[in-house]
Amino acid sequence: MIEVKNLSKSFSGFLAVNDASLKIETGSITGLVGPNGAGKTTLFNVIAGVHAPTDGQVLLDGQDITGLAPHELFHRGLLRTFQIAHEFSSLTVRENLMMVPADQMGETLWKTWTNPSAVRAQEEQTRAKADDVIEFLEISHVADELAGNLSGGQKKLLELGRTMMVDAKIVFLDEVGAGVNRTLLNTIGDAIIRLNQERGYTFCVIEHDMDFIGRLCDPVIVMAEGGVLAEGTLDEIKANEQVIEAYLGT
Ligand code: ADP
């Protein structure tokens, strides 16, 4: 689904990503691991259109998407999750899910003038979809809670929910487990597996928690010093001398 070819990204001459090439297969949950500073987040940001690459190419289903803006990638079903945006903290979980993507607002506004009943029908549809997401993620107990009151892990679940509202094809998840307790991390892991198996999502996941990676991800790609060092199952990469050295060297 995704092919990264000889990608480099430099910041003031420093190569954060250095000639990295990798593939993310359709239907996989691919893990991206590596020591701090390996270039994982920068790679994500280049794929997701946050940074333009210095060199190299990114293909989505064979089409060149290098340098496309995040909203253009969004329309192609490629999403990268961040921490929930601050301005949504005063909205409820359900309202957050129902937020219409900004570039569809113009269309909605036009319809309110020309066809109010179509707007109502669309609202109903959005609400039904939000209810489906709430049920799927088993978060009905916090559906009417303000998003700002959620725990870190619940916010991660909400982020996943928002990707479901727009029917993403591939989702890049950055450090899902950071600051999340074990129980909630398992719940998030379950949701990712079910989205993958039942709804056909492809995932690429940056995560430091190796138990989480081992449970979810195949293959696991290891980055070090801006490049791709190894790829395999978690057991394979754990036994790889170069990988052990890269981790010990930090
Ligand atoms: P990882 O996610 O694997 O920890 P990062 O992609 O965050 O690694 O960072 C890789 C390297 O690039 C680090 O040395 C980091 O300091 C540097 N880096 C990342 N973003 C920037 C930036 N915006 N400006 C300058 N250097 C950066």
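In the predicted model, strand β1 (residues 2-11) is joined to strand β4 (residues 55-60) by five bridges, and the pairing is antiparallel. Within this pair, V4 stands opposite V58 of β4. Strand β1 also pairs with β2, again in the antiparallel sense, here over seven bridges. One of the positions in this second pairing is E3, whose bridge partner in β2 is K23.

The ligand is surrounded by F11, F14, A16, G34, N36, G37, A38, G39, K40, T41 and T42. Of the elements involved, α1 gives the most to this shell, with three residues. By residue class, the shell around the ligand comprises six polar, four nonpolar and one charged residue.

The protein as a whole contains ten helices and ten strands. Its C-alpha atoms fill a box of roughly 60 × 40 × 30 Å along the principal axes. The radius of gyration is 19 Å, which agrees with the value near 18 Å that a compact globule of 250 residues would have. Buried residues account for 37% of the 250 residues. Among contacts between residues at least 6 apart in sequence, 67% join residues at least 24 apart.

The chain is divided into two domains: domain 1 is made up of residues 1-77 together with 168-250, and domain 2 covers residues 85-163. The centres of domain 1 and domain 2, taken over C-alpha atoms, are separated by 27 Å. Twelve residues from domain 1 and ten residues from domain 2 take part in the contact. On the side of domain 1 that touches domain 2, the elements that give two or more residues are α2 (70-75) and α7 (182-199). The largest share of this side comes from α7, which supplies four residues. In composition, the side of domain 1 that touches domain 2 has nine nonpolar residues, three polar residues and no charged residues.

How values were computed
Residues are numbered from 1 along each chain as its sequence is written. This is a predicted model: local features need pLDDT of at least 70, side-chain atom pairs count only at pLDDT 80 or more; totals for chains, interfaces and linings use all residues. Domain bounds come from an automatic or database domain assignment. Two residues are in contact if their C-beta atoms, placed from the backbone, lie within 7 Å. Ala, Val, Leu, Ile, Met, Phe, Trp, Tyr, Cys and Pro count as nonpolar, Asp, Glu, Lys and Arg as charged, and the others, Gly among them, as polar. The radius of gyration is taken over C-alpha atoms; the globule rule is 2.2 Å times the number of residues to the power 0.38. A residue is buried if 20 or more other C-beta atoms lie within 10 Å of its own, exposed if 12 or fewer, and partly exposed in between; C-beta atoms are placed from the backbone. A residue is near a molecule or strand if its C-beta atom, placed from the backbone, lies within 6 Å of it. Two strands pair if DSSP finds at least two bridges between them.
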